[in-house]
Amino acid sequence: MRLFPHDAPRPTSSKAEAAVYAALARTALPGWTAWHSLRLRTPSGWEGEGDFVVAGPGGLLVLEVKGGQLELRGGRWLQNGRALATPPRDQAQGFVRRLTEAMKRRGAEVPPFGVACCFPDCEFTEGPTSADLEGLVLGGRDLAHLAQALPSVLAAATGPRAPPRSNRWLEVVHGLWGETWVPRVSLRDRLVAATEARSALDAEQLGTLDAAEDNPRALVTGGAGTGKTLLATELCRRRARAGQRVRYLSFTDALATAVEAQFAAESPSPGRPRASSIRQYALDLVAQAGLLPLSRTSEFWRQVSLQAACDALPPEPERPDVIVIDEGQDFEESDWQLVAELIGPRGLWAFVDRAQAFWTARTGELPMGLFAGAAQLKLKRQYRCPAPLWDFAARYGREGPEAPAGQTLDDVALPGSEHLRVVEAAADKVVERVRHELDELRRLGAQPKDVAVVSLSGQTKSALFALDRVGSHRLVRADAPDAGQHVVMETFLRFKGLERPFVVVAELRGPHVTHYGVRMHIALSRATAQAIVVADAGALAADPLLRRATTR
């Protein structure tokens with residue numbers, strides 16, 4: 001016999017119920033199941049409890065347990081010499097009717113059912129002879145022989161009715177009893193929470209912009225997820241609505257393409273803000289002037305196209321009234337030179353996060369002369385990531401997983417699996433594991449547009465970046481025209497400034513993976529709901545904090 005709970009009865013002050021539980025635990029009845037203390041509440045508000053619900057091959061039995069000395073005198077039931085308010089079976093009869101109604105509401109075919117009593121403190125040779133109880137009462141002597149007594153009681157209670165065609169009713173009864181409940185937030189609710197977090201950003205962080213947007217120049221610092229891109233794009237919109245010519249510039253093409261797509265979708269007006277990466281903007285200027293063949297190499301940029309772009313700048317009346325720079329920590333000296341030539345004395349806002357600066361040669365090279373007298377703003381509150389995931393990602397922003405002062409990594413609290421999952425995969429099975437994780441996200445309800453795969457390797461070293469499909473999942477770049485319909489596959493650098501609810505991080509290690517902490521910080525902080533890290537044994541060996549978080 002299967003007995004629930006497995007190890008002990010549910011909390012009860014009834015010694016009689018505890019005695020029946022112990023007897024059932026000793027009973028060998030294959031194919032039988034018993035549940036102690038099944039509680040019900042109906043839609044009408046009725047509440048009740050069945051002391052034991054027993055399921056056998058013939059149907060379902062509700063067993064009402066009465067402790068103490070029970071006897072029937074003068075047609076009235078007494079318990080320890082005091083009259084019972086209701087006959088022994090009445091309470092259970094009301095319960096079993098509502099139990100069968102609950103089963104029907106859950107789509108189960110109701111089996112034959114009945115009610116019996118157990119008086120574990122009473123010993124008798126023959127039970128009551130009243131017509132409603134005959135053959136339906138177990139006593140103390142029966143507890144040692146339940147394997148023989150229960151089948152006959154079940155048969156007497158249910159009669160000769162045929163059992164249902166399906167055993168689904170057993171699953172329904174078990175669900176009503178309620179074996180296990182572990183608090184979890186569904187994937188869809190996590191998406192809703194992420195959206196609500198962004199709504200909070202709209203309301204709170206935009207207040208910062210309200211207070212400072214009249215400044216012609218400003219330098220805004222903030223960590224990942226503090227709303228830099230949101231504020232940068234909103235500033236562009238506001239200045240454009242005021243009749244100014246606005247140019248948004250970032251370092252990465254993917255971010256600039258996403259922002260340009262937003263602006264274009266919002267307004268077809270030629271006066272709308274325009275967005276591009278700094279290098280693409282320069283090459284466009286050179287191409288329009290027909291000055292040079294085009295190249296994106298760094299050497300070409302430094303030696304040739306910077307000067308060519310400066311020579312090809314539009315006339316003063318056609319230049320932007322304000323330039324808004326996003327991810328400014330990635331601009332190098334030549335980029336800033338072009339910005340300075342382009343903007344002159346007009347408006348300039350820059351949004352920066354030094355924790356995401358990847359090229360150490362550029363770190364700290366902000367041309368402060370451009371921001372003399374500018375407003376200095378700092379965004380402190382992080383909105384993008386769930387707080388536990390952000391705390392985890394922030395450790396990597398300090399160039400590696402660290403423990404707080406006076407603690408070890410074993411003391412560091414880890415995010416729950418709803419925010420971070422770290423899974424191990426063999427080095428030659430990383431792509432296959434990524435496919436599995438994408439399949440699982442889809443099974444749980446995520447749409448392709450909700451997911452990004454981010455590699456810590458560069459474009460030329462990433463096996464994932466070279467793929468346009470993993471299993472049944474189409475992969476596109478973040479700056480692809482149809483990126484909003486598919487899973488995005490990007491490197492950590494190309495995905496800077498962007499976000500998706502679910503981010504799968506992979507390809508963590510290799511001789512080419514420098515500044516590991518910064519790479520991991522950038523990748524983890526792209527997720528608005530959950531990050532899933534796929535790591536091989538070498539990556540886990542090198543990162544003890546990641547190893548602690550691994551789910552095998």
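**Helix crossing and salt bridges, term by term**

Mentor: This model is predicted. In it, the axes of helix H2 (residues 90-105) and helix H4 (residues 168-177) come within 10 Å and cross at roughly 110°.

Trainee: Why are H2 and H4 called roughly perpendicular?

Mentor: The axes cross at roughly 110°. The label covers 65 to 115 degrees. H2 and H4 are therefore roughly perpendicular to each other.

Trainee: Which hand does the crossing of H2 and H4 have?

Mentor: The crossing is right-handed. On the H2 side, Leu99, Ala102 and Met103 make the contact. On the H4 side, Trp169, Val172, Val173 and Leu176 make the contact.

Trainee: What classes of residue make up the contact of H2 with H4?

Mentor: Seven are nonpolar, none is polar and none is charged. Ala, Val, Leu, Met and Trp are among the types that count as nonpolar.

Trainee: Now the charged pairs. What makes Lys66 and Glu64 a salt bridge?

Mentor: Their closest N and O atoms are 3.5 Å apart. The cut-off is within 4 Å, so the pair qualifies. In general, side chains of opposite charge can pair when their charged atoms come close.

Trainee: How do you know whether Lys66 is buried or exposed?

Mentor: Lys66 has 15% relative accessibility. Buried means under 20%, so Lys66 counts as buried. Glu64, at 3%, also counts as buried.

Trainee: What is the N to O distance between Glu316 and Arg319?

Mentor: Their side chains meet in a salt bridge at 3.3 Å. Arg319 is at 12% relative accessibility and counts as buried.

Trainee: Why is Glu316 called partly exposed?

Mentor: Its relative accessible area is 44%. Buried needs under 20%, and exposed needs over 50%. Glu316 is in between, so partly exposed is the label.

Trainee: How far apart are the closest N and O atoms of Arg494 and Asp479?

Mentor: They are 3.2 Å apart, and the two residues form a salt bridge. The pair links distant parts of the chain, 15 residues apart. Arg494 is in the loop between strand S20 (487-491) and strand S21 (500-506). Asp479 is in the loop between strand S19 (473-476) and S20.

Trainee: Which labels do Arg494 and Asp479 get for accessibility?

Mentor: Arg494 has a relative accessible area of 17% and is buried. Asp479, at 24%, is partly exposed.

Trainee: How many salt bridges does the count come to?

Mentor: It comes to 27. Some are linked in a network of Asp210, Glu213, Glu234, Arg237, Arg238, Arg241 and Glu266.

Definitions and conventions. Residues numbered from 1 in each chain as written. Predicted model: local features only at pLDDT ≥ 70, side-chain atom pairs only at ≥ 80, totals over all residues. Heavy atoms only, no water. Axes fitted to C-alpha atoms, helices over the stretch in contact; angles between N-to-C directions. Helix = DSSP H or I, 4+ residues; strand = E, 2+ residues; numbered from the N terminus. Parallel < 35°, antiparallel > 145°, perpendicular 65-115°, else oblique. Left-handed = near helix turned anticlockwise from the far one by under 90°. Contact = heavy atoms within 4.5 Å. Buried < 20%, exposed > 50% of the residue type's maximum accessible area, 1.4 Å probe, protein only.
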